[in-house]
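Good morning, and thank you for joining the group meeting.

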Amino acid sequence: MRRRRNWRGIAAAILFLAATPACAQAQNEAAMPGASGSTADHSAFEILKKPFASGPEVTEACLTCHTEAAKQVMSSIHWTWTYTHPTTGQQLGKSHVINAFCGNVASNEPRCTSCHAGYGWEKMADGPPKAQSAVDCLVCHDTSGTYSKLDNAAGNPPLTPVPAGAKTITGAPAKPVDLAMAAQSVGLPRRENCGQCHFYGGGGDNVKHGDLSSVLYNPDKSVDVHMSKDGANMVCSDCHVTNRHVWAGSRYNVTAHDMIGTGKPGERRDVATCESCHGTAPHESASLMGMKLNDHVDRVACQTCHIPEFARGGVATKTVWDWSTAGKLKDGKPYSEEEFVQSDGKHLHTYLSTKGNFEWGEDVVPFYAWFNGQVEYTTGDQTIDPTRVVEINRISGSPDDGKSRIWPFKRMEGRQAYDKQLNHLVYNHVYGPETDTAFWTNFDWSKSIKAAMDYVGEPYSGEFDFVDTHMYWPITHMVAPKEQALDCESCHAKDGRLANLAGFYMPGRDPGGPVDKIGLAILLAAIAGVIGHAVLRLVMRRGGHA
Amino acid sequence: MTERLVKIYPAFERFWHWSQVLLILVLLFTGMGLHGLHGLVPFGPAVMLHTTAALALVVLWIFAIFWHLTTGTWRHYMPTTQGLFKVARFYAFDIFKGAHHPYRKAYWRKHNPLQALTYLALKLFLFPAIWVTGIVYLTYNFWEQQPNATLLLEIVANLHVLVAYLIATFVIVHVYLLTAGESFVQHVKPMITGFDTIDLTPEEEAYLKADEPGRLS
């Protein structure tokens, strides 16, 4: 304890010393050349001062100096979309899993791979492109704000001439990119770079995660204390620290309980946990309240109290997606309904012939569960029980394993296709404007599923139906200022947020147990005895007087 | 034998008693709130108040134990069967007939035998039980790595609650029994002024007059 306090003191001193020049630097920034503070001004490099005809041409120019960059990127999950889980051994990653949104990447590549950190991944089974020049440096490093990717061109940017009606991956109308300008602007990734893909997962703004939306480009402090310009003005990679283009933080293998904290002074920790900055005893330890709150960190994730709701700041998240109703047509044509009104007045789809029914939510109260960081996916080869809700990704944890903490999740409710004979979740082929099997063009499930299953080479009986699904998304962004953290009674109450979590004692939540019955019986017996005794005394005394 | 007003509750004992009353009431009230029986105080402030009051009570008890041991007043609580039956019989039967309390207070024995036995049980069992379970509960984080910590916590917490019910029961009976005598005021007054009517033998009276005149009014 003593030692830890010393470390904390030293760490605080170092932070102070480190922060002082940083502040001075910020103040002098206007006077200093190169806004980024980098030692290189990329607009001065001759190799970048030429017209580029394609993304890969820019990458080739980058690689002349950054010789190892492409190799590093190509070994990261941003590139491979493959992840072998170290504990379960499951093959995960976007190229393998089935999710509760558009289902699967395979057979829908040019649409899904529009968010790949590269150019031209046309077929999942072939793996990502082999050429180093296929790495998309600009999507992460452009700071001009002009670079974008088309939503259906396997990762390529819109270049002159841009096809009529073309859109970018954020859904915005595509404008031709000036590759030279983008190349000369490069710097470290900003919220805008990561957000283009990660804020729009699942086909639209905040559809997928719930805690990652376009609001985070410029959030109010009340929405995200870290990313707000009025707060710490942090970018994604401040927490998701990088080592050779590999980022800390994983949704497949979560560090659900970081017991190391900040580490020793100067020690580098490649984790994106709250504790890696805030330490393992983050509350004011000199106060009784702070001590009590620090007592909680072994059982309750920081996010549970400090992210009171997700999808805050005015952009809703999709909470229900029912594929089973997709394919209805009016007069032979697909149609849509926009019944959900977002707080900014914008109407969101509640039905699309292409995708089925949706529900949305803003300021959503999370689903809470014990979580030890292990996630197991119901991949296409696993047998499901269609009489029950299928968990697309099972999260494991318990109050007794000594590792789990209570975590907040977005629980996505889905209704998805499965093979009625084999009891497997199926892949579907939705995107493909030119094919006669794509669902979004032909509205025929049997063709769509058959085509996708043939494409991935998995067995399919030909009979399908729909099954209810749940998919869990750990909530970890949109951390609110501490004043907005949950009050104790949000959970310590009979009908509190943790009312449904069983198997552990929590004060304030479970009165009325056997001990209460015994205790109350004793207490009531005493009260009854006292009253009886008193009444008897009064009656006898009166009787005596009479 | 003469009846005299004798100081049998010195200042510290009265301070201890009334501070304990206040702290126990605060603890019962906040404790019931924390347990979920009422929502009159927000949970966070209730935890703070409960913990602070509990620590204050522990400190008070440490002083009180020291006081009892050093002043010899612990002897008031030595159990005895002498007169016990008579007192029990009084509460169970004779009180209804308007009989007088059979116990005559002595200055070296200010509690009746039943009362002394009850207080002794309170001090030896209930108070230590609430104290120990409370501290074990409060220091959960020091033993959370034990196997079955989740279950142990539940057991400790439930014991704490059970003992709290028993203490609440004591409070009710204790307050009620203040009415079983001449009057409620007559019973409470000594704990405020320190003086109560005591039968003194001539020797006792002479001793008090000579050596502790302040105890006689």
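For chain A as a whole, the mean pLDDT is 92, and 93% of the residues reach 70 or more.

A word on conventions. This is a predicted model, in which local features need pLDDT of at least 70 and side-chain atom pairs count only at pLDDT 80 or more, while totals for chains, interfaces and linings use all residues. Residues are numbered from 1 along each chain as its sequence is written, chains are lettered from A and ligands numbered from 1 in the order in which they are written, and side-chain values use heavy atoms, with hydrogens and water left out.

Let me turn to chain B. Its secondary structure comprises eight helices and two strands, taken as DSSP runs numbered from the N terminus (helices H or I, at least four residues; strands E, at least two). Along the sequence the pattern is β-α-α-α-α-α-α-α-β-α. The C-alpha atoms of chain B fill a box of roughly 65 × 40 × 30 Å along the principal axes. Helix α2(B) has 29 residues and reaches 41 Å from its first C-alpha to its last, close to the expected 42 Å; the expected span is 1.5 Å times one less than the number of residues. Just after α2(B), B:Gly72 takes a positive phi of about 80°.

How much area do chain B and chain A bury between them? The figure is about 3200 Å², 66% of it on carbon and sulfur atoms, where buried area is the accessible area (1.4 Å probe) that two parts lose on being put together, summed over both. B:Phe43, B:Phe96 and B:Tyr176 supply 22% of the area that chain B buries against chain A, more than any other three residues. Among the elements giving two or more residues to this side of chain B are α1 (11-35) and α2 (43-71). The largest share, 14 residues, comes from α6(B).

How many salt bridges does the rule find across this interface? It finds zero, a salt bridge being a side-chain nitrogen of Lys or Arg within 4 Å of a carboxyl oxygen of Asp or Glu. Over all chains, the count comes to 19. One example is A:Glu309 with A:Arg497, whose closest N and O atoms are 2.9 Å apart. A:Glu309 lies in the loop between α12 (302-306) and β5 (317-322) of chain A, and A:Arg497 in the loop between β19 (464-474) and α15 (514-545), so the pair ties together parts 188 residues apart in sequence.

Finally, some backbone geometry. Most residues other than glycine have a negative phi, and most peptide bonds are trans. A:Ala154, not a glycine, has a positive phi of about 50°, and a cis peptide bond with omega of about -5° joins A:Thr160 and A:Pro161. A:Ala154 is placed in the loop between α6 and α7 of chain A; A:Pro161 lies in the loop between α6 (138-141) and α7 (179-184) of chain A.

Notes:
pLDDT is the predictor's confidence in each residue, from 0 to 100.
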